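Open the model in your viewer and keep the sequence panel beside it. This tour goes from selection to selection.

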Amino acid sequence: MDRFDAMKVFARIVERRSFTRAADDLALPRATVTDAIKALEARLGVRLLQRTTRTVTPTLEGEAFYGRCLRLIADVEDAESAFRDARPHGPLRIDVHGTLARHLLFPRLPDFLERYPEIELDVGEGDRYVDLVREGVDCAVRVGELRDSDLIARRLTQLPEATAASPAYCERLGTPDTIESLEAGGHVMVGFKSSSLGGLLPLEFQRHGRVELVTLPTRVRVSGADSYVGAAFAGFGIIQAPRYRLDAYFSEGRLLPLLEACPPLPSPVSIVYPRTRLPSPRLRAFIGWAQELFLPA
């Protein structure tokens with residue numbers, strides 16, 4: 001087995017967490033798969049996989065090698081596709097902020113899969129920062145200002161934001177009617193810990209063409225978007241979040257909009273991918289579709 005085929009075998013084992021399932025997927029004898037990994041580890045001089053009686057997981061070196069294998073496999077397949085004039089096909093790994101995926105991406109995703117039936121999507125969702133190059137991710141949809149100089153970014157849209165608190169909170173501490181009344185009235189906020197910036201994010205308000213930042217006391221700090229809104233439901237403080245997440249709760253009366261005359265800045269949404277790689281046909285297809293997704297109705 002040549003090196004390229006061995007890389008494909010290794011990548012499939014990592015994805016399936018099993019030698020047997022990988023062998024079945026690739027229509028290879030189990031012994032051939034085992035021998036390929038032994039030869040690969042011997043050639044590299046490192047252990048790539050940690051084997052137990054129940055599962056197979058990559059070592060730290062294996063995780064790093066897996067990301068490189070994905071890029072090499074994709075590059076070879078894309079080079080062949082360019083000469084075959086084939087439709088975009090194959091696996092595409094994307095990472096999307098969890099709430100954005102559930103509220104805006106997944107409801108429209110059937111359209112993408114119908115348009116490109118030969119693309120297989122691997123969607124990671126969460127609030128943590130993902131290193132696209134190291135983790136072998138093709139692209140990410142990120143909310144907020146970008147700080148990665150090694151990524152190419154394409155702006156998709158701007159998400160309006162709102163300030164909110166629960167009815168129980170407003171009954172207890174009152175409903176603030178000015179920015180100054182936040183501190184004067186003893187108000188508190190739910191602290192949101194930013195994984196990309198570090199520390200707690202302040203509340204922000206637009207007034208008279210300027211942005212004013214306010215950091216209120218907090219007794220509850222969270223690092224996840226769902227926990228952030230959940231803490232507001234429980235009356236732990238004031239929050240700021242995209243309106244697409246809050247409008248339904250405003251309509252139901254579970255949360256109340258605050259200081260609507262001084263809204264937060266809208267949050268930019270961008271799709272980013274590594275500067276060091278040419279976008280594959282399937283990545284170009286996804287970028288084009290995502291840009292259509294956020295076009296004004």
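A residue is called buried when its relative accessible area is under 20%, exposed when over 50%, and partly exposed in between (1.4 Å probe, protein chains only). This is a predicted model: local features need pLDDT of at least 70, side-chain atom pairs count only at pLDDT 80 or more, and totals for chains, interfaces and linings use all residues. Residues are numbered from 1 along each chain as its sequence is written, and side-chain values use heavy atoms, with hydrogens and water left out.

**Stop 1: the rings**

Select phenylalanine 192 and tyrosine 228. Both are buried. Two rings of Phe, Tyr or Trp (its six-membered ring) pair if their centres lie within 6.5 Å; planes under 30 degrees apart are stacked, over 60 edge-to-face, the rest tilted. In the pair of phenylalanine 192 and tyrosine 228, the centres are 5.1 Å apart and the planes stand at 65°, so this one is edge-to-face. Phenylalanine 192 belongs to strand 8 (residues 191–192) and tyrosine 228 to helix 10 (residues 225–233), so the pair ties together parts 36 residues apart in sequence. Helices (H or I, at least four residues) and strands (E, at least two) are DSSP runs, numbered from the N terminus.

The structure has seven aromatic pairs. Select another: phenylalanine 112 with tyrosine 116, a tilted pair at 5.2 Å centre to centre and 50° between the planes. Phenylalanine 112 is buried at 0% relative accessible area; tyrosine 116 is buried at 17%.

**Stop 2: the core**

Along with Leu105 and Ile271, they have the most contacts inside the largest nonpolar core, which has 25 residues. Such a core is a set of buried Ala, Val, Leu, Ile, Met, Phe, Trp, Tyr and Cys residues joined through side-chain atoms within 4.5 Å. Colour helix 12: it gives the most to this core, seven residues. Which residues does isoleucine 271 contact, leaving aside neighbours within four places in sequence? Among them are Cys139, Val141, Ile152, Leu156, Phe286 and Ala290. Contact means heavy atoms within 4.5 Å.

**Stop 3: the cysteines**

Cysteine 170 is buried at 8% relative accessible area. Cysteine 262 is buried too, at 13%.
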